[in-house]
Amino acid sequence: MNRFNYFMPTRMVYGQGVVKGAGESLALGKKALIVTGKSSARLSGALDDVLSVLPGEYVIFDQVENNPSVETVIQGGALAKAEGCDYVLAIGGGSPLDAAKVMAVLAVNEAHPLELYKGGWNKRALPIVAIPTTAGTGSEVTQYAVLTVEEEETKKGLSGPDLFPEVAYLDPKYTESLSLDVTIDTAVDALSHLVESYLCKRATSASDLVALQGMALWGTAIPALRKGDVDLKARDALLLASSLGGIAIAQTGTALVHALGYSLTYYDGFPHGRANAVCMRAYLEYTKSVAPERVETVLELLELTSVEAFGELMEDLFADYVGKLRLNPDTIENYVKKAMLTNNIKNSLGDPSVEELTKILQTSIM
Ligand SMILES: [Fe+2]
């Protein structure tokens, strides 16, 4: 008998032109803190669309870096407070969206971000509007925010029910200005969310339904990704797949791929999706030994004949990077040690041991 609790409170508005179409209802209050990265909100046209219809006042914080730091969210939270903002509107990839969520907490709570990891927060975060410009993070429909925590030399997720955006506006057009590298990096992040959710101890019938549909959609974009010519039809599939990935991991969390990937980003500077790609083939190989039918289903939905074919797909997509990562035994030991401390590992089917994680990193593709 199925037993689960399914909570996804974000209203999703999907399709071309949805931001302008929202008009005045884009505002959730009197004054917005608009949070963006340094360029994608402008390049994608999303910021212009927002400003053309947004009623009321706003102030822009456009200094969110990739893999946002604690210092950045402190600055944004302080700006929201000083300016009397009563909601947050985030535009961009995972970094601006995640940073904006923590700023929404800090705007109304007297706390240092590191304290939030320990004791949570008391006052409900400001309401959040999320407008993704990449098809990867899924953050627009999750309760997670990931920051770089220098003290622990890793990326670390915060979560809370009030971190689910109130509304997400998704327009595949906004992803057209992304470079091919960023398109692929983010697409593989979305794929890892879908696959890890499906191959996760906390998977339920409801999360499976979402993950299965997401993987099938993602699969339709494989020819375009391989060709390096990602048209709007493929971008449409990838954006929806990435949101479905977000909805799925909002229920289940991610698993060992993310746990290992955080170190590859922190120490080796790999973009998040590429860091996940490094060990996905070895992860599928390992999981096949504990849940063969599930891995078979993943491959079928992606129209791939074997785990080896999955590895070849990753090698095709990341051809410029394959063979460039050299991890010595001490480094692998450190990455595995860090991964073993995460909740993501506890989510992984088969309860992978230190030895198994070590083997996964040793047999990774890059
Ligand atoms: Fe991710």
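1. The axes of helix α15 (residues 329-340) and helix α17 (residues 354-362) approach within 10 Å and cross at roughly 125°. Here axes are lines fitted to C-alpha atoms, for helices over the stretch in contact, and angles run from 0 to 180 degrees between N-to-C directions. Helices (H or I, at least four residues) and strands (E, at least two) are DSSP runs, numbered from the N terminus. α15 and α17 are therefore oblique to each other; angles under 35 degrees count as roughly parallel, over 145 as roughly antiparallel, 65 to 115 as roughly perpendicular and the rest as oblique. The crossing of α15 past α17 is right-handed, where left-handed denotes a near helix turned anticlockwise from the far one by less than a right angle, and right-handed one turned clockwise.

2. On the α15 side this contact is made by Ile332, Tyr335, Val336, Ala339 and Met340, and on the α17 side by Val354, Leu357, Thr358, Leu361 and Gln362. Two residues are in contact if their C-beta atoms, placed from the backbone, lie within 7 Å. By class, the contact of α15 with α17 comprises eight nonpolar, two polar and no charged residues. In this classification Ala, Val, Leu, Ile, Met, Phe, Trp, Tyr, Cys and Pro are nonpolar, Asp, Glu, Lys and Arg charged, and the others, Gly among them, polar.

3. On provenance, this is a predicted model, in which local features need pLDDT of at least 70, side-chain atom pairs count only at pLDDT 80 or more, and totals for chains, interfaces and linings use all residues. Residues are numbered from 1 along each chain as its sequence is written.

4. The domain assignment divides the protein chain into domain 1 (11-173) and domain 2 (180-362); such bounds come from an automatic or database domain assignment. The centres of the two domains, taken over C-alpha atoms, are 25 Å apart. Between them, 21 residues of domain 1 are in contact with 26 residues of domain 2. On the side of domain 1 that touches domain 2, β1 and β7 (154-159) each supply at least two residues. The residues of that side are six nonpolar, 12 polar and three charged.

5. Six strands with parallel pairing form an open sheet in the order β1-β8-β5-β4-β2-β3. Two strands pair if DSSP finds at least two bridges between them. β1 (11-14) and β3 (57-64) are at the edges with a single partner strand each, so one side of each has no neighbour in the sheet. Neighbouring strands of this sheet are turned by 15° against each other on average, direction ignored. Helix α3 (residues 46-53) packs on the sheet and touches β2 (31-37), β4 (87-92) and β5, its direction making about 150° with that of β4.

6. Individual pairings may be checked as follows. β1 and β8 pair in the parallel sense over four bridges, and tyrosine 14 has leucine 170 in β8 as its bridge partner. Strand β5 (residues 128-132) and strand β8 (residues 167-170) are likewise paired in the parallel sense, over two bridges; valine 129 stands opposite valine 167 in β8.

7. Strand β6 (residues 144-149) and β7 pair in the antiparallel sense over six bridges. Leucine 147 is placed opposite lysine 156 in β7. β6 and β7 form a hairpin with four residues between them, and glutamate 153 in the turn has a positive phi of about 50°.

8. Helix α12 (residues 272-288) packs with helix α14 (residues 307-317) at an angle of about 175°, their axes being 9 Å apart. This makes α12 roughly antiparallel to α14. Ala277, Met280, Arg281, Leu284, Glu285 and Lys288 of α12 make the contact with Val307, Phe310, Gly311 and Met314 of α14. The contact residues divide into six nonpolar, one polar and three charged.

9. The axes of helix α7 (residues 180-198) and α12 come within 7 Å and cross at roughly 55°. α7 and α12 are therefore oblique to each other, and α7 passes α12 in a left-handed crossing. Among the residues making this contact are Asp185, Asp189 and Ser192 of α7 and His272, Arg274 and Asn276 of α12. By class, the contact of α7 with α12 has four nonpolar, five polar and three charged residues.
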